[in-house]
Amino acid sequence: MALFMSTYVNKVDRKGRVSVPATFRTALADQSFDGIVAFPSLDCDALEATGIDTMEAISAGLDELEEPEERGLATLVLARSVRLPFDPEGRIVLPEKLAAHAHITENAAFVGLGATFQIWEPDLYDAHEAALLEQTRRAGAIIPSLGHLARRRRP
């Protein structure tokens, strides 16, 4: 499974093309579709994105939902998902509808989230990240696998 980490900001050209970070493309190299799948985020002005393998797993999970309210989630994710193939230079073309949802015009921030990543307008992402940092600090959150190390350092 692909693993997406770090944040990269890349220029969007006048044709709506943007280079997907090389480390992200490398993580996707062995998948059956040479590109990414993206859809508008349900909870923020960003795009959710991943490789086709993870998207197939998401689809399988959505297929198991039984309640009508839950089934609507499948529509909001799958019906709005778009396959975006890489061109020879590793770029994708951001469709206008997706770019408008995320307010992306001149630059795009690719934000690694593990099995998925998000694509943001960089200034909006900076504000989002600052809010997340503040919430995390107030909550005293500890990274689960590092919790034992943090507890040792506390007086």
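I began with strands S3 and S4, which form a hairpin with six residues between them; strands here are DSSP runs (E, at least two residues), as helices are (H or I, at least four), numbered from the N terminus. I note that this is a predicted model, in which local features need pLDDT of at least 70 and side-chain atom pairs count only at pLDDT 80 or more, while totals for chains, interfaces and linings use all residues. Residues are numbered from 1 along each chain as its sequence is written, and side-chain values use heavy atoms, with hydrogens and water left out.

**Entry on the strands.** I found that S3 and S4 run antiparallel and are joined by four bridges, with Pro 40 standing opposite Leu 47 in S4; two strands pair if DSSP finds at least two bridges between them. I then looked at S5 (residues 82-85), which pairs with S3 in the antiparallel sense over four bridges, and I saw Gly 35 opposite Pro 85 there. Six of the six residues of S3 (residues 35-40) are buried, so this strand is largely enclosed by the rest of the structure; buried means under 20% relative accessible area, exposed over 50%, and partly exposed in between (1.4 Å probe, protein chains only).

**Entry on Leu 47.** This residue is found in S4 (residues 47-50), and I noted it as buried because its relative accessible area is 0%. Not counting residues up to four places away in sequence, Leu 47 touches, among others, Phe 39, Leu 94, Leu 98 and Phe 117, where contact means heavy atoms within 4.5 Å. I also looked up the C-alpha atoms of Leu 47 and Leu 98, which are separated by 7.1 Å although the residues are 51 apart along the chain.

**Entry on Asn 10.** I placed Asn 10 in strand S1 (residues 7-11) and noted it as buried, with a relative accessible area of 18%. A polar atom of its side chain lies 2.6 Å from the backbone oxygen of Ser 19.

**Entry on salt bridges.** I looked up four salt bridges in the structure, each a side-chain nitrogen of Lys or Arg within 4 Å of a carboxyl oxygen of Asp or Glu. Asp 87, Glu 89 and Arg 91 are linked in a network, in which Arg 91 meets Asp 87 at 2.7 Å (N to O) and Glu 89 at 2.9 Å (N to O). Glu 134 meets Arg 138 at 3.5 Å (N to O), and both lie in helix H5 (residues 122-139), four residues apart, about one turn of the helix. I noted Glu 134 as partly exposed at 41% relative accessibility, whereas Arg 138 is exposed at 60%.

Notes: Polar contact = N/O pair within 3.5 Å; in protein donor to acceptor, adjacent residues only side chain to side chain.
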